[in-house]
Amino acid sequence: MKAMEPARRAALGFVFVVMAGCASQPRHFLDPADRSPVGGREAVVLVPQGEIKTVVVASQAGAAFGLVGAIIDVSVNQHRANAAEKSITPLRTALTDYHFDQQALAATEVTVSRLDWLAVRKTSFSKDISKENTNSILDKSASPEVLFVSYSYELSADFAMMQVDARFSIFPKAASKGQSSDSRMKLENAAYSENYTYLIPLAGAGEDVAENCRHWSDNNAEIARRALVQGIGGVNALAERGLAQSGDDVKKLQLGAKVDAGGRKGKLIEKTDAGTLLLDDLGNWVFVVESPVG
Amino acid sequence: MSSVTRISTLAGVYLMLALAGCGPMTASTAYTPRVAMGKSVAHASCTLRVVDVIDDRMDPTVLGNVGGRTVKGPSDPQAWLHSVIGGLRSNGIAVEFAEAETTSADLSAKGELKTAWVSSAATAKIASVVLNLQYFRSGSMIKSADYRGSISTPNWGSGQQEIQSMIDRAFDQALSQAAADTLALCSSAVTSST
């Protein structure tokens, strides 16, 4: 479980770097006056990955030994990447006909249609998270703002947990006065940005990665499919709630008691029979499901 | 070698690596099979007539991202897939592309690209492809199979050549499996007709 933390940080860092180019704290709420812009919004669902992936914990053992250490790290990382790819292949094979992209797009369409005040007029899909593409989407948009929903899904390094992430970010079509058009995608310029994480543990998971993978993969990956459906629905339900938050609501979230749920630390937002919702140190909403799947 | 020379050499290497992966790249439309030196290729006893090539991906414009570098899909996905499936020739299969299947006893197939993506993890780069072939004989489907290729190699500098080569090597694996099935189906036809 501890391996989830660096993985999530890495995934988040990737989204931050690619979509924003900086690490400043984004806005976690929409002002009432900004909720329904004249001209509405466009939504774009982004799923950069092609199949389910797993966490590869990067080696840093050689960090103190210069070039030789770097070569050692590359070697260790390669071994870990090869092992991870080999381990996850049975699950990928069982999920070949599972279309995460379509499921994510469909779920997002439902979410934005339920939030009619978001005024989303059109939803499209892309796998391209490059700055060139996101800038092009903003340039071509007929709306003054675009909602980007970037999904990722993966298994923890020990294959004991399924994680689905969705970052909902709203960026303006027009750059701020005196700023370049590239600056539009900086998180500090986002009208809203929040990452929602949904964690589903595997029932009876042990330390044997291959055995855990077999559980996810059995019966045409029935358990993994259920977890992915649950995760996609889960992050959308969280987003639906999070997008409606006011500035005061967001401030109150900081007052929660410190908790540890499924190895994830943060401030408690709520705990129910379904699971624990917390706000982690990076300001992400993290929901840890109480009942393992399987 | 003086320390200044060593530092210059190292700086040069780092600069080369840094420059190697600048900006997006576009994968080649032409699949290049691995050149197997001295490897004898079995010759097919029949021709595989490919009557349809489908791209099942929701967004064929992008293959993924390696080390922060966007890898765009080939500009002509159909031409690319024809080149990939045509790569069965390197595995000893006589491939013909045709408009429609025939009712003859020749083996025909429909190809479908289900997945093709690249990514990176730590200092490794990864490519994964899944190609489906449906085989037909005398108008009836006799087999459908997914052929997976997956490769993970060190990411030296997110260079165009190393990424392109990784994609092609992943297809090598898929095509090798497809060729084995095709040869078996061809052989079974020869056996049953004699």
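In chain A, residues 24 or more positions apart account for 71% of the contacts with a separation of 6 or more, a contact being two residues whose C-beta atoms, placed from the backbone, lie within 7 Å. The model is predicted: local features need pLDDT of at least 70, side-chain atom pairs count only at pLDDT 80 or more, and totals for chains, interfaces and linings use all residues. Residues are numbered from 1 along each chain as its sequence is written, while chains are lettered from A and ligands numbered from 1 in the order in which they are written.

Chain A contains six helices and ten strands; helices (H or I, at least four residues) and strands (E, at least two) are DSSP runs, numbered from the N terminus. Of its 294 residues, 46% count as buried. Buried stands for 20 or more other C-beta atoms within 10 Å of the residue's own, exposed for 12 or fewer, and partly exposed for values in between. For 294 residues a compact globule would have a radius of gyration near 19 Å, and chain A agrees with 19 Å; the radius is taken over C-alpha atoms, and the globule rule is 2.2 Å times the number of residues to the power 0.38.

Helix H4 of chain A (residues 131-140) has buried residues Thr134(A), Ile137(A) and Leu138(A). Seen down the axis of H4(A), the buried residues fall within an arc of 95 degrees, so they line one face of the helix; the arc is that of the directions from the helix axis to the C-beta atoms. Exposed residues Asp139(A) and Lys140(A) sit on the face of H4(A) turned away from its buried side.

Helices H2 (residues 66-94) and H5 (residues 209-243) of chain A have axes that come within 8 Å and cross at roughly 5 degrees. Axes are lines fitted to C-alpha atoms, for helices over the stretch in contact, with angles from 0 to 180 degrees between N-to-C directions. H2(A) and H5(A) are therefore roughly parallel to each other, the term for angles under 35 degrees.

Two contacts are listed by residue class. Ala, Val, Leu, Ile, Met, Phe, Trp, Tyr, Cys and Pro count as nonpolar, Asp, Glu, Lys and Arg as charged, and the others, Gly among them, as polar.

| Contact | Nonpolar | Polar | Charged |
|---|---|---|---|
| H2(A) with H5(A) | ten residues | three residues | no residues |

Between the chains, 25 residues of chain B are in contact with 27 residues of chain A. On the side of chain B that touches chain A, E6(B) gives the largest share, six residues.

Definitions and conventions:
Angles under 35 degrees count as roughly parallel, over 145 as roughly antiparallel, 65 to 115 as roughly perpendicular and the rest as oblique.
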